[in-house]
Amino acid sequence: SKEERPDVGTLTGEDVAKHNSRESCWVIVHGKAYDVTDFLPEHPGGPKIILKYAGKDATEEYEPIHPPDTLDKYLPKEKHLGPVNMETVEKEVKEESPEEKERQERIKNMPPLEACYNLMDFESVARSVMKKTAWAYYSSGADDEITMRENHSAFHKIWFRPKILVDVENVDISTTMLGTKCDIPFYVTATALGKLGHPEGEVVLTRGAKKHNVIQMIPTLASCSFDEICDAKEGDQCQWLQLYVNKDRNITKKIVQHAESRGCKGLFITVDAPQLGRREKDMRSKFDDTGSNVQNTSGDNVDRSQGAARAISSFIDPSLNWKDIPWFLSITKMPIILKGVQRVEDVLKAIEVGAHGVVLSNHGGRQLDTAPSGIEVLAEVMPVLRERGLQDKIEIFVDGGVRRATDIIKALCLGAKGVGIGRPFLFAMSSYGLPGVDRAMQLLKDEMVMNMRLIGASKVEELTPDLVDTRGLATHTVPVPKDTLGLRSYDPLITAHQMI
Ligand SMILES: Cc1cc2c(cc1C)[n+](S(=O)(=O)[O-])c1c(=O)[nH]c(=O)nc-1n2C[C@H](O)[C@H](O)[C@H](O)COP(=O)(O)O
C-alpha cells in the first residue's frame, strides 16, 4: 500500500528511499520527488530502467533522454511529490569502471581543437572520448551499415570537370533555402538525443548555427525541449522543425502549430521511418545496461530492441501516407518538405500533392540498409525534373555522408538547393562543445571558398551539372579511400570472440 505523503514541506532522502519497489516507486529528478508507480508499465523505455533508480536520484540517467518538460507534460500533478532536501540523499558512490578510467585518460590527452583540420577529425576524436552508449547511438547505422558507408563513398564516385582561367577573386558561397538567406549551402539536420553527447544538448548547435548564419532543423526527439531550442535562437535566426508524425494527430497538430507560432520557417516531415531501423551498435551498448530491458519485451507492446531511440519513438505512426499530406497543408502555412525520399517517382508525387520540397535521404544509413545514397538519387532525379520543366517547382535537399565542401559543391552542381549535415556536428559538439561546432562550420566555409575557386565558380548559381562527371555513381562496389572511419566503425560480435 502506498503511504500518504509525509506531511512535511521538504522530503528527505530517507522518505524517498522507502519507496523503492514496483509496488511503490518514487524517484528524484532535478531535486524533486515523483511517484512513478502507476507509470512504470507505460514507460516507453520499460519499467526496469526506472526500477534501477527506485528510491534514488535518477537525474543523471534521465537527463540526456528526456526533454526537461517531460514530467510536467506526462506525469499527473498529484504524482509530483515536491522538493527533496538533497543534503539528505545518499550520494551513489559509483565505482569508476576500468573502461571509464581509460576514457577519462583519453579525454585528458585528447588532441587540441586546432589539431582538427576536417570533419573526419572530429569523428576520430569523438570515437575516443565519448561515452560508449553515446558513441554507439550517434555512429550507428542500420544492419550492416552498408548504406551508411555508401552515403560517404558515393561522393568519391563523382569527379569534377573544373574550369580554368575564370576570375574567382571574389567568391560568394551564400545561398537561400526556403527563402532564408544563409552563409553557406548546408543546414544542421535533425539528430535526436543531443544530451547524450553534450550536457547542454541541441542548444549548442543553435549557438553554432547562429554564429555561422546557417539553419538548424530542430528534432522531434531532441533532449532539450522544443521551446528551449527556440529560446536559444537569436534575432532572426532561422529554425525548421523535423516532425515524427504521432498516431494521435491532435498531438501532431499542436506541435506543428506551436512550431509555427515560435517562428519556425519549415516543416520537415520524416517519411523514411515508419519504424526505426535496427542499429546494432546502439542495441549492444544498451544491452549491457542491466537496468534497461532493451532485449526483453516484458510482455508489453513496445519493442525495445533498439535502445533508447526505439523506446522513445513508439509514438510514430506507421500508417502515415500520401493522403495525409493535404491535412498538413491545411494546418500550417510553413513550407512542407518530405524528409527521407529515396526514388524519383516519390519526388514527382511530392510535387503533385503540393509539397514545397524534399530531402533525398536515407536517414544517415540508420533505416533501410542498402537504400541508395541521397546524392545518387539526386543524380537520377534532376534530369527527370528538367525534362518535365519541374526543376523549379520544389526545393531539393540532400543529406547523408557529407564531410567535405566538395561534397556540398557536388550536390549543388547536381541541382540540390543545400545539404543537411548530421554526425560531424554531433561529434564536434561532443568532443569540444560550442568551439568544436564553430570550428567545424568554419572549416567547411574555408573549404567551400577554396574549392569553388579551384573548380572555377564564383557563386553558387555557377555550380552546374557540366562541372561534374557522375558516370561512376551507379557502381556500388568501388573501393573507397581508407580515410573513412566508417570502414572500421562497424564492430561485429565476431571480433569480440577473437574467432579466426
Ligand atoms: C546521426 C543521427 C541521425 C539522425 C538521428 C539521430 C542521429 C544520432 N535521428 S534518429 O534518432 O531518429 O535516428 C533522427 C531523427 O530523430 N529524425 C530524423 O528525421 N532524422 C534523424 N537522423 C537522420 C539525420 O537527420 C540525417 O538524415 C543524417 O544524419 C545525415 O547523415 P550524416 O549524419 O552522415 O550527415
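Reader: Is the crossing of helix 17 and helix 18 left-handed or right-handed?

Author: This is a predicted model, in which local features need pLDDT of at least 70, side-chain atom pairs count only at pLDDT 80 or more, and totals for chains, interfaces and linings use all residues. Residues are numbered from 1 along each chain as its sequence is written, and side-chain values use heavy atoms, with hydrogens and water left out. Helices (H or I, at least four residues) and strands (E, at least two) are DSSP runs numbered from the N terminus. A crossing is left-handed if the near helix is turned anticlockwise from the far one by less than a right angle, and right-handed if clockwise; that of helix 17 and helix 18 is right-handed.

Reader: Why are helix 17 and helix 18 described as oblique to each other?

Author: Axes are lines fitted to C-alpha atoms, for helices over the stretch in contact, and angles run from 0 to 180 degrees between N-to-C directions. Angles under 35 degrees count as roughly parallel, over 145 as roughly antiparallel, 65 to 115 as roughly perpendicular and the rest as oblique. The axes of helix 17 and helix 18 come within 8 Å and cross at roughly 55 degrees, and the two helices are therefore oblique.

Reader: How do helix 7 and helix 18 run relative to each other?

Author: Helix 7 (residues 132–139) packs against helix 18 (residues 423–455) with axes 10 Å apart, at an angle of about 165 degrees. Their crossing is left-handed. The pair is therefore roughly antiparallel.

Reader: Which residues of helix 18 make the contact with helix 7?

Author: Contact means heavy atoms within 4.5 Å. Helix 7 contributes Trp-135, Tyr-138 and Ser-139, and helix 18 contributes Arg-423, Leu-426, Phe-427, Met-429 and Ser-430.

Reader: Which residues are the closest to the centre of the largest cavity?

Author: On a 1 Å grid over the protein atoms alone, a cavity is a set of points where a 1.4 Å probe fits but cannot get out, and lining residues have an atom within 4 Å of a point. Grid points are joined across faces, edges and corners, and a volume is the space filled by probe spheres set on the points. The largest cavity has a volume of about 400 Å³. Of its 30 lining residues, the closest to the centre are Thr-189, Ala-190, Thr-191, His-363 and Arg-366.

Reader: Which elements each supply at least two residues of the lining of the largest cavity?

Author: The structure holds 3 cavities of 30 Å³ or more. For the lining of the largest cavity, the elements are helix 7, strand 14 (418–421) and helix 18.

How values were computed:
On a 1 Å grid over the protein atoms alone, a cavity is a set of points where a 1.4 Å probe fits but cannot get out, and a pocket is an open set with protein on both sides within 12 Å along at least five of seven lines; lining residues have an atom within 4 Å of a point.
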